[in-house]
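Me: I'm new to this one. Could you show me how to read a few of its features?

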Amino acid sequence: MAGARPNFVKVAPLIRAIEKAEGTEYELVYTGCENDPTLEPSLFDDLQMPRPSVFFGVDSISLNEITSRVMAHFDDYLDHNPADVVVVVDDLASTMAAAIVTKKRGIKLAHLVAGTRSFDMNMPKEVNRLVIDALSDYLFTAGIKSNSVASREQAEGSNTYMVGNILMDTLRFNHQRLQKPALDIEPDNYLVFTLNRKALLADEEKLTMMIEAMAEAAAETPIIAPLRGKAFEIVNRIITSKAAANSCVPSVASDQRSSASLFTLHSSLPYLEFGWLTANAKGIITDSGNVAEEATFNGVPCITLNSYTEHQETVSIGSNVLVGEDPQRLREEVARMVSGQWKRCALPDRWDGRTAERIVKILLER
């Protein structure tokens, strides 16, 4: 079951592994709408996977409403579609809802990307993680830290398996299929900036300081910013206002206006083009855990605009550095990034592109 666009990037390799296994059947369920604007037409072709065969059509910003509606839809779905195992992904409200229904029906529950923790109970996703992991029969973790958390907290009868990071399966599968976007850029000669966190978007004053720090430290290095929805609107407003003061001049790669500049805003990019952009960047500034994980796989320097990461391996072993929301720290790290003075990094254990194979093998054996 998938509940949001990023889930499909993790589900795609699992589907390929299931299809290769003899005597197995599956159905891909999406809790959202069939016309979800975040699911661009090219997404499923890019990922080489089928579209979901079932859409629940749940579309709401209320987490409680999402939970109740998904529970009702999934309960009805299981009435007509018996299952031996339900696999849920990540830590969304819809993921938790499906987990609760699965367990109430006595069906085996598998949690993909289990054991991730922020240890901040003010975050709704942290509550979701605790509930899903507590209910799961199979806890599939991406690394040593997540594995120890899941093992320590697991319910009686649960089984924890460190299978690796399934995002790497998708990256390895698509490595030769990545496509250069129609932008005037050269490999290793630009930075990528992505933004999605609601807390950052809500504090426009602080975000302005961070964008200023980024621009100052980047010097002449172009910054490509593929952003969606509200993030696009807010960042565009900030850099447009800065343009008047000659701090940074935006170029908007859309149907709106465009000019030569340090920042290039793009409203969105297809999966394979975004993959090329991040894999060939001089560095990445992001608030996305998934983007930071992919940067570690590609060996690209990465700065995360957060004080924690669910996958500590990206910091302790990989290419990631955490700066929180501190403009001065961001300025310092971007300066190191563009000067080529980044730390040495390596791939964490089992981030080898074979995670989906391990998961299917475990499920079939158990």
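Reply: Start with helices and strands: they are DSSP runs, helices being H or I with at least four residues and strands E with at least two, numbered from the N terminus. Here, Thr-278 lies in helix H11, residues 271–279. This is a predicted model, where local features need pLDDT of at least 70, side-chain atom pairs count only at pLDDT 80 or more, and totals for chains, interfaces and linings use all residues. Residues are numbered from 1 along each chain as its sequence is written, and side-chain values use heavy atoms, with hydrogens and water left out.

Me: Does Thr-278 count as buried or exposed, and why?

Reply: Buried means under 20% relative accessible area, exposed over 50%, and partly exposed in between (1.4 Å probe, protein chains only). Thr-278 has 4% relative accessibility, so it counts as buried.

Me: Which residues does Thr-278 touch?

Reply: A contact means heavy atoms within 4.5 Å. Leaving out residues up to four places away in sequence, Thr-278 touches Val-192, Ile-284 and Val-300.

Me: How many helices and strands are in the protein chain?

Reply: There are 15 helices and 13 strands.

Me: What share of the chain's residues is buried?

Reply: Buried residues make up 55% of the 366.
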